[in-house]
Amino acid sequence: MTFQIFKILPLGIFFLLSCGQHNDEDLPIMGETEIVTAVKNGKTVNDTVYHRIPTFRFVDQDSVWISNDDVADKIYLADFFFTRCPTICPLLAKNMLTIAKEFENDERLVILSHTIDAKHDTPAVLKDYATKLGAPSNWHFLNGPQDAVYHIAGKEGYFSYAEENPNVPGGFDHSGAFTLVDRKGHVRGVYDGTSEDEAKSAIADIRKLLTQF
């Protein structure tokens with residue numbers, strides 16, 4: 001991972017994410033936690049509430065609506081891109097394609113790539129992009145309202161980064177983060193999608209989560 005991926009996040013969260021990656025069999029649950037008090041069976045107990053991906057509903061390249069319900073009880077890897085991206089997106093797509101093909105016959109793993117250029121990247125454009133890329137059927141290219149996409153990209157969601165910025169090539173600024181989410185909506189890994197080695201690490205961590213089914 002590199003600092004550029006997390007440039008909009010508070011230093012404390014960046015430190016947490018950086019320290020979260022390790023080689024233990026059980027991957028850490030990333031993000032801030034909250035301790036809540038509840039009464040169970042007449043006893044007062046403390047429960048830990050972990051960061052979860054917020055509710056979403058976006059349309060994919062086949063004009064099918066994809067929401068939290070569609071990835072419930074699945075592992076998924078998420079990232080952000082746009083089809084006219086002149087910088088890192090082709091490299092992100094190459095590495096994500098490797099991961100998608102590695103698990104294309106396993107229905108427990110899906111890929112969600114969110115476009116940050118909603119006006120241009122219609123489902124038809126995303127369909128053409130996916131076809132030319134050779135993306136397998138487990139890879140959904142999602143279009144949604146700009147504000148909703150940018151919100152879920154940040155610390156409230158995937159610990160990534162996306163915004164419209166006329167001062168950068170292509171007019172949009174975003175990180176190259178791949179975010180691994182488990183069956184309960186918890187973030188279990190964040191990887192530099194521009195790195196082949198990090199893509200291999202994502203594959204290894206996905207396999208760890210799959211053993212927990």
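Analyst: Strand β10 pairs with strand β11 (residues 187-192) in the antiparallel sense, over 5 bridges. Two strands count as paired if DSSP finds at least two bridges between them. Strands here are DSSP runs of E with at least two residues, helices are runs of H or I with at least four residues, and both are numbered from the N terminus. This is a predicted model, in which local features need pLDDT of at least 70 and side-chain atom pairs count only at pLDDT 80 or more, while totals for chains, interfaces and linings use all residues. Residues are numbered from 1 along each chain as its sequence is written, and side-chain values use heavy atoms, with hydrogens and water left out.

Within this pair, Leu180 has Gly189 in β11 as its bridge partner. The two strands form a hairpin with 5 residues between them, and in this hairpin Gly185 has a positive phi near 85°.

How many residues of strand β10 (residues 177-181) are buried? Of its 5 residues, 5 are buried, so the strand is largely enclosed by the rest of the structure. Buried means a relative accessible area under 20%, exposed means over 50%, and partly exposed is in between, with a 1.4 Å probe and protein chains only. The side chains divide between two directions: Ala177, Thr179 and Val181 point one way from β10, Phe178 and Leu180 point the other way, and all are buried.

β10 also pairs with β5, again antiparallel, through 3 bridges. There, Tyr76 has Val181 in β10 as its bridge partner. As a general point, the strands of a sheet pair through backbone hydrogen bonds, in either a parallel or an antiparallel way.

Seen as a whole, the sheet is open and has 5 strands, in the order β7-β6-β5-β10-β11, with mixed pairing. At its edges stand β7 (139-142) and β11, each with a single partner strand, so one side of each is left without a neighbour in the sheet. From one strand to the next, the twist averages 20°. Ile111 stands opposite Trp139 in β7.

A helix lies over part of this sheet. Helix α4 (residues 123-133) lies across β5, β6 and β7, and runs at about 145° to β7. Such axes are lines fitted to C-alpha atoms, for helices over the stretch in contact, and the angles run from 0 to 180 degrees between N-to-C directions.

Ile29 is in the loop between α1 (11-20) and β1 (33-40). Ile29 and Val187 are 158 residues apart in sequence, with their C-alpha atoms 5.9 Å apart in space. Leaving aside neighbours within four places in sequence, Ile29 is in contact (heavy atoms within 4.5 Å) with Tyr50, His186, Val187 and Arg188. With a relative accessible area of 29%, Ile29 is partly exposed.

Asp73 lies between α2 (68-71) and β5 (75-81), and its phi is near 65°, a positive value in a residue other than glycine. Asp73 is partly exposed, at 48% relative accessible area. Phe159 also has a positive phi without being a glycine, at about 55°, and is in the loop between α5 (146-153) and β8 (162-164). Phe159 is buried, however, with a relative accessible area of 2%.

As for the setting, the protein has 6 helices and 11 strands, and buried residues make up 49% of its 213 residues. Among contacts between residues at least 6 apart in sequence, 67% join residues at least 24 apart.

How far can the model be read? The mean pLDDT, the predictor's confidence in each residue from 0 to 100, is 88 for the protein, and 88% of the residues reach 70 or more. Residues 1-24 have pLDDT below 50, and this stretch makes 47 contacts in the model beyond near neighbours in sequence. Where pLDDT is low, the predicted coordinates should not be read in detail.
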